[in-house]
Amino acid sequence: MALIATALATAAPAFASDTAQPVQTRQAASNALDARQQAIVPVSAFAAAGDMAGLNKALEQGLSAGLSVNEAKEILVQLYAYAGFPRSLNALGELMKVLESRRQRGITDPAGALPGRPAPKGDALHAAGTANQTKLSGGPVKGALFDFAPAVDEYLKTHLFGDIFERDNLDWQSRELATVSMLSALPGAESQLQSHMRISMNVGITAAQLQQLAAVLQERVDASNAQRAREALQRHLATQTAR
């Protein structure tokens, strides 16, 4: 299942990304990630790496920084599309341990919102997923990979961008911060990481905020993760400058 999410970057999207309009974004008061957004970064990176000790600490800090229980769940459920079911299941189990520990210490964490609308089904799900994928990428996504393996294209449209991205209790900026952080923890996923730098900026995250994400990785997670993030951002920005 990890393939269905990362395959997007290997196809050549037919669009001009600088014309894309940000959608379903969390409006920031400044050009900086807030404490909650910063907390998403180590949670996602440690979960993708399978580092349960690091994840435990990051979840504690994230919940204290304003992540709701359901937001944390959403991030760790989404993880399976990028790092596989084993990492996702283990991370969700760690979240359960953290919540129980906090409960025993007298800490009541806000549950947060559940998805506000039911996911469409059948053809409507495919249409919704295609629309979401197009908005995120800045235009229709197609390429030789999807001609070679059309099942992957179907999974991306109906499941990742349909079932998951139709869940509206986690905004798209937060989902992209999580995705970039997850991919930074996965050596060998550099092209997908670069693709999600572009998608992040399509949904309104700025280059300065992505540089701050890399700084959070440097400080709280691992220098190699931070380096991969910085290099992917630089490559993306270079493609914009070359136009």
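Contact here means heavy atoms within 4.5 Å. By that rule, I75 touches I40, V43, S44, L67, L170, A178 and M182, leaving aside residues up to four places away in sequence. This is a predicted model, where local features need pLDDT of at least 70, side-chain atom pairs count only at pLDDT 80 or more, and totals for chains, interfaces and linings use all residues. Residues are numbered from 1 along each chain as its sequence is written, and side-chain values use heavy atoms, with hydrogens and water left out.

**The nonpolar core**

- Let's stay with I75: along with L76, L160 and M197, I75 is among the residues with the most contacts inside the largest nonpolar core, which has 58 residues.
- The largest share of that core comes from helix α2, which supplies 8 residues.
- A nonpolar core is a set of buried Ala, Val, Leu, Ile, Met, Phe, Trp, Tyr and Cys residues joined through side-chain atoms within 4.5 Å.
- "Buried" means under 20% relative accessible area, "exposed" means over 50%, and "partly exposed" is in between (1.4 Å probe, protein chains only).

**A look at helix α2**

- Helices (H or I, at least four residues) and strands (E, at least two) are DSSP runs, numbered from the N terminus.
- Helix α2 covers residues 35–49, and at 1.5 Å a residue its 15 residues should span 21 Å; the end C-alpha atoms are 22 Å apart, which agrees.
- That expected span is 1.5 Å times one less than the number of residues in the helix.
- Because 13 of its 15 residues are buried, α2 is largely enclosed by the rest of the structure.
- Just past α2 comes G50, with a positive phi of about 75°.

**A network of salt bridges**

- The structure holds 12 salt bridges, each one a side-chain nitrogen of Lys or Arg within 4 Å of a carboxyl oxygen of Asp or Glu.
- The general idea is that side chains of opposite charge can pair when their charged atoms come close.
- One of these bridges joins R102 and E60, at 2.8 Å from N to O.
- R102 sits in helix α6 (residues 85–104) and E60 in helix α3 (residues 52–65), so this pair ties together parts that are 42 residues apart in sequence.
- E60 also bridges to R105, with the closest N and O atoms 3.0 Å apart.
- Since R105 lies in the loop between α6 and α7 (122–137) and E60 in α3, that pair ties together parts 45 residues apart in sequence.
- R102 has a salt bridge with D109 too, at 2.8 Å from N to O.
- Put together, E60, R102, R105 and D109 are linked in a network.
- How buried are they? R102 counts as buried at 3% relative accessibility, D109 as buried at 15% and E60 as buried at 18%, whereas R105 counts as partly exposed at 47%.

**N202 and the residues beyond**

- N202 has its place in helix α11 (residues 190–202), and at 5% relative accessibility it counts as buried.
- The side chain of N202 reaches the backbone oxygen of S137 at 3.2 Å.
- That is a polar contact: a pair of N or O atoms within 3.5 Å; within protein, one must be able to donate a hydrogen and the other to accept it, and residues adjacent in sequence count only if both atoms are side-chain atoms.
- An unreviewed UniProt entry places a "coiled-coil region" at residues 207–243; its positions are given in the numbering used here, feature names are shortened, and annotations may be inferred rather than shown by experiment.
- In the model, residues 207–243 are 89% helix and 0% strand, and the end C-alpha atoms of the span lie 17 Å apart.
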